[in-house]
Amino acid sequence: MFKVEKEEMVNKTFRLPLSLVENLYTVAQNKGVSLNSLVRQCCEYALNNLDKEK
């Protein structure tokens with residue numbers, strides 16, 4: 001049976017350099033995803049590939 005699930009989300013504010021935001025926005029547009037989705041994916045990738053030492 002199909003079950004609708006909702007992922008819990010929270011709103012946070014982060015200060016990022018303008019050039020980084022512009023680059024992220026450009027990539028998001030080129031890939032056809034929202035800026036929020038791209039930033040989330042980048043953070044998940046970085047955490048999943050973080051050097052485990054220390």
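How much accessible surface does the protein have, and what share of the surface belongs to carbon and sulfur atoms? The accessible surface comes to about 5,900 Å², and 55% of that belongs to carbon and sulfur atoms. Areas here are from the Shrake-Rupley method with a 1.4 Å probe, and for residues only the protein chains shown count as cover.

Before going on, the ground rules. This is a predicted model, with residues numbered from 1 along each chain as its sequence is written. Local features need pLDDT of at least 70, side-chain atom pairs count only at pLDDT 80 or more, totals for chains, interfaces and linings use all residues, and side-chain values use heavy atoms, with hydrogens and water left out.

Now the overall picture. The protein has 2 helices and 0 strands; both are DSSP runs, numbered from the N terminus, with helices being H or I of at least four residues and strands E of at least two. Along the principal axes, the C-alpha trace spans about 45 × 35 × 20 Å. Of the 54 residues, 7% are buried. Buried means under 20% relative accessible area, exposed means over 50%, and partly exposed lies in between, with a 1.4 Å probe and protein chains only.

Next, the surface. A nonpolar patch is formed by Phe14, Leu16, Leu20, Val21, Tyr25 and Leu35, with about 550 Å² of accessible area together. Patch residues have over 30% relative accessible area and no salt bridge; nonpolar side chains (Val, Leu, Ile, Met, Phe, Trp, Tyr) are joined within 5 Å, like charges within 9 Å. Helix α1, residues 18-31, gives the most to this patch, with 3 residues. Leu20 sits in helix α1 and counts as partly exposed because its relative accessibility is 37%. Asn30 is also placed in helix α1, and with a relative accessible area of 63% Asn30 is exposed.

On to helix α2. Which residue forms a salt bridge with Arg40? The partner is Glu44, with the closest N and O atoms 3.5 Å apart. The criterion is a side-chain nitrogen of Lys or Arg within 4 Å of a carboxyl oxygen of Asp or Glu, and the structure holds 1 such bridge. Arg40 and Glu44 are separated by about one helical turn because they are 4 residues apart in helix α2, residues 35-48. Arg40 is partly exposed at 36% relative accessible area, and Glu44 is partly exposed at 39%.

Cys42 has its place in helix α2 and is partly exposed, with a relative accessible area of 36%.

Finally, two C-alpha to C-alpha distances. Cys42 and Leu24 are 18 residues apart in sequence and 9.7 Å apart in space. Asn30 and Glu44 are 14 residues apart in sequence and 20 Å apart in space.
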